[in-house]
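Look at the sequence and the model before reading on.

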Amino acid sequence: MIKSVPQGFDATGMGAPQASKRLTTALAGLRHTFVVADAMLPDCPITFASDGFYSMTGYSKEEVIGHNCRFLQGPGTDKKEIEKLRNAIAEGGSCSVRLLNYRKDGSAFWNFLTISPIKVNGIVSKYIGVQVDVSRRTEGNVSAFADGQGLPLLVKYDTRTKDSLAPAVEDVAESIMSAESSDAVKESDPRKLPPRPRMALDLATTVERIHQNFVISDPHLPDCPIVFASDAFLELTGYSREEVLGRNCRFLQGPDTDKRAVRETRKALDTNTECTVRLLNYTKQGRPFWNMLTMAPVFGADNQVRFFLGVQIDVSVLGQKGEVLPPDWTKTASEDNKTAVLGKQAAQAISHQIMKQPGSHSEEDWSRQFMRKREPKPHNSNQTQWKAIQAVVVRDGQLQLTHFRKVKQVGAGDVGTVHLVELESTGILFAMKSLQKKEMYERNKVHRVLCEERILSEVDHPFIATLYGTFMTESHLHFIMQYCPGGELYQMLSKQPSNRIPESQMRFYAAEVLIALQYLHLLGYVYRDLKPENILLQESGHVLVTDFDLSYVASKMRIQIYGVPYNMAAGSFSQDSTSCFNGSSSSAPLRSNTVAMMVAEPEAHANSFVGTEEYLSPEVINAEGHGACVDWWTFGIFMYELVFGFTPFRGSKRENTFKNVMTRVLEFPETPKVSTECKELITSLLVKDPKQRLGSARGAEEIKAHPFFAGMNWALLRNQKPPIDPVRATAPAAKDETQFPVE
């Protein structure tokens, strides 16, 4: 039922506030589900609604335009969530909530709503409301929060929805601003696109993108409830995610389910062993199907069972839709065995990825990693910073927040901050990266933080950030790291004419970054988020690679040894190898004037959707699975941006950027002029097929051997003088005599 119309408006739409024709035309081309409301009018009436909104709600244009969006509310709508919306609007801010709304026909649905203001001269003129029906996807009210109440889920899907709606909100906002501005942007020219924040994307883990029917249960909770269900499982069974999470998998059983097979599954749970059985299960609609179920325990780092995985394969000869009689089993034992093998293989592959999930880690995991004692690495053991940190640890046992004094904030992200801090009474400066635990839990980032800590604890390289210590409080995690007074390479670029540097300077910075990537690959890490914002400039002017929260830890390495011709007079290697043999095989004799070169590359097949929009590779976007070659694609984009001042595939919207990455042919602008070798190297790195990309065979050695880097003295790179002096502060920051607040 439509609520009363504000005075002065016509419920039929005649005289109701409507968007201008130009704005309507601009918004009509968007495929999102959204409304636009006029914040300058009483009761903030809707002036535009997308076709998707009408389709989702069942209301007509005449029933929507001129009304406040509250007509979707009903008896089950949470008043606390409504209050969040009201407070956000009162403050002129943004907000995301999940509401139980009602269609015109009275049917209820979960609506995930994000509202965002459009401001003109600092005053809110409009509000955007982007919406999505998450009835099938949401976890509902079973999710656990940082206080431990509720079910501890592996993935918070409402958070995923919020993150995925961000580009839709941006699209609508940009369309409104563009329609109300005389400045038109030509989509094909990325140089003319307005700047926007380049936040790292973390939209899906590998487990979420596995196209397999499976669930994950927690045996440490009463009745071993399901804490993760794949999209394919929901499609197979007909249940929504809210109906599955928190339940034991027995709800699929029915009157003709074999009790002996069920007893086998219970025995596997009791003994922490694997089993494969064929069960007659039932969908939500009552249709029976034969389910080849493989159950397997998932072990943690302490060799204790953390989860149980259940992989399902529908092996029925499908009957007619709606059939409720059990289908006859006509397959042979050998066919049964073949299917069972497939289930076991899938279980092994999925188990490997589960422990990288956010919810697979406990508070004990954090304590074990963040409170451990750290020792200096060989290459920096004599640093003053290390000696000062060790003196505090020897005196007090471990680092604490009270040991540091804030100087100023030097960075901020969506889940944390970076402060310049001084170690008590020493004058020695560090960078302190602080992350909120609750945000890590709620935004599916626990495993990302632990991965970053692991990498920083292991690396020892002049072009990679040094970690001096970590500690945690009740609410935060803290990294004490090397401070770089030169700031971000991105900031340095922004101060150059046309946001670019000459090819000769780009060659220097690219070489140092390449060496750092090669070192990370040697340790089994795929970086995945290379961009100028993640490259810092040390006081000396040399680079420092940082931010490893999106990196991937490979379980296997591909090691090869090549016999490479060496020119004794020139002191350089030839690009072509004369022999190759696997590092695990017996050594083959090398020819004269050749040396052995070892190449170690991570063997990874990740499928998570991570990276920065303009730097994402084709294999990440199309979910084919990606490995170490993703770093060589980002390295090509990095080189391109440094020398031309923009990235080659950026579009006006995220979906346009992704389309450009997949389909657009690489082009180089006429200015500035760059060498043929530079273009050839970038072109070889930005090959859309990762198997054909430069670096796919021998990693960084292939790239270092390219003519663009001819004459580069790789061994003494850190002893060369950087081409640009980093920007330094000319005056000391205002002192802050207060300690950090007690958390």
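The model shown here is predicted. The chain has 743 residues, and 53% of them are buried. Its secondary structure consists of 20 helices and 25 strands. Of the contacts between residues at least 6 apart in sequence, 65% join residues at least 24 apart. The accessible surface of the chain is about 34500 Å², and carbon and sulfur atoms account for 51% of that area.

Which residues of α8 are buried? They are A261, V262, T265 and A268. These residues lie on the same side of α8, because they cover an arc of only 115° around the axis. The buried residues of α8 pack against the strands β9 (275-282), β10 (288-299) and β11 (305-314). On the face turned away from the buried side, α8 carries the exposed residues R260, K267 and D270.

Helix α13, residues 446-458, also has 13 residues; they should span 18 Å, and the end C-alpha atoms are 19 Å apart, which agrees. In α13, 11 of the 13 residues are buried, so that the helix is mostly covered. Among the buried residues are H447, R448, E452 and E453, as well as V449 and L450.

Two loop residues can be set side by side. Is N380 buried or exposed? N380 is in the loop between α10 (363-370) and α11 (384-396). Its relative accessible area is 7%, which is under the 20% cut-off, so N380 counts as buried. Leaving aside residues up to four places away in sequence, N380 touches W386, D460 and T466. M40 lies in the loop between β1 (34-38) and β2 (46-49). M40 counts as exposed because its relative accessibility is 55%, where the cut-off is over 50%. With residues up to four places away again left out, M40 touches I123, V124 and S125. M40 and I123 are 83 residues apart along the chain, and their C-alpha atoms are separated by 9.4 Å.

Salt bridges come next, and the count is 18. R86 forms one with E83, where the closest N and O atoms are 3.9 Å apart. Both R86 and E83 lie in helix α4 (residues 79-91), 3 residues apart, which is about one turn of the helix. R86 is exposed at 52% relative accessible area, while E83 is partly exposed at 37%.

Another salt bridge joins the side chains of R103 and D133, at 2.9 Å from N to O. R103 is in the loop between β3 (95-102) and β4 (108-120) and D133 is in strand β5 (residues 123-133), so this pair ties together parts that are 30 residues apart in sequence. K556 and E603 also form a salt bridge, with 3.8 Å between the closest N and O atoms. This pair links distant parts of the chain, as K556 is in strand β21 (residues 556-567) and E603 is in strand β24, 47 residues apart. R395, D396 and E424 are linked in a network of salt bridges.

Strand β24 (residues 594-603) also holds M598. Together with L522 and I559, M598 makes a nonpolar surface patch of about 260 Å². M598 is partly exposed, at 48% relative accessible area.

Definitions and conventions:
Residues numbered from 1 in each chain as written. Predicted model: local features only at pLDDT ≥ 70, side-chain atom pairs only at ≥ 80, totals over all residues. Heavy atoms only, no water. Patch = residues over 30% accessible without salt bridge, like charges linked within 9 Å, V, L, I, M, F, W, Y side chains within 5 Å. Areas by Shrake-Rupley, 256 points an atom, 1.4 Å probe, with all protein chains shown as cover. Salt bridge = Lys/Arg side-chain N within 4 Å of Asp/Glu carboxyl O. Helix = DSSP H or I, 4+ residues; strand = E, 2+ residues; numbered from the N terminus. Buried < 20%, exposed > 50% of the residue type's maximum accessible area, 1.4 Å probe, protein only. Arc of directions from axis to C-beta. Contact = heavy atoms within 4.5 Å. Expected span 1.5 Å × (residues − 1).
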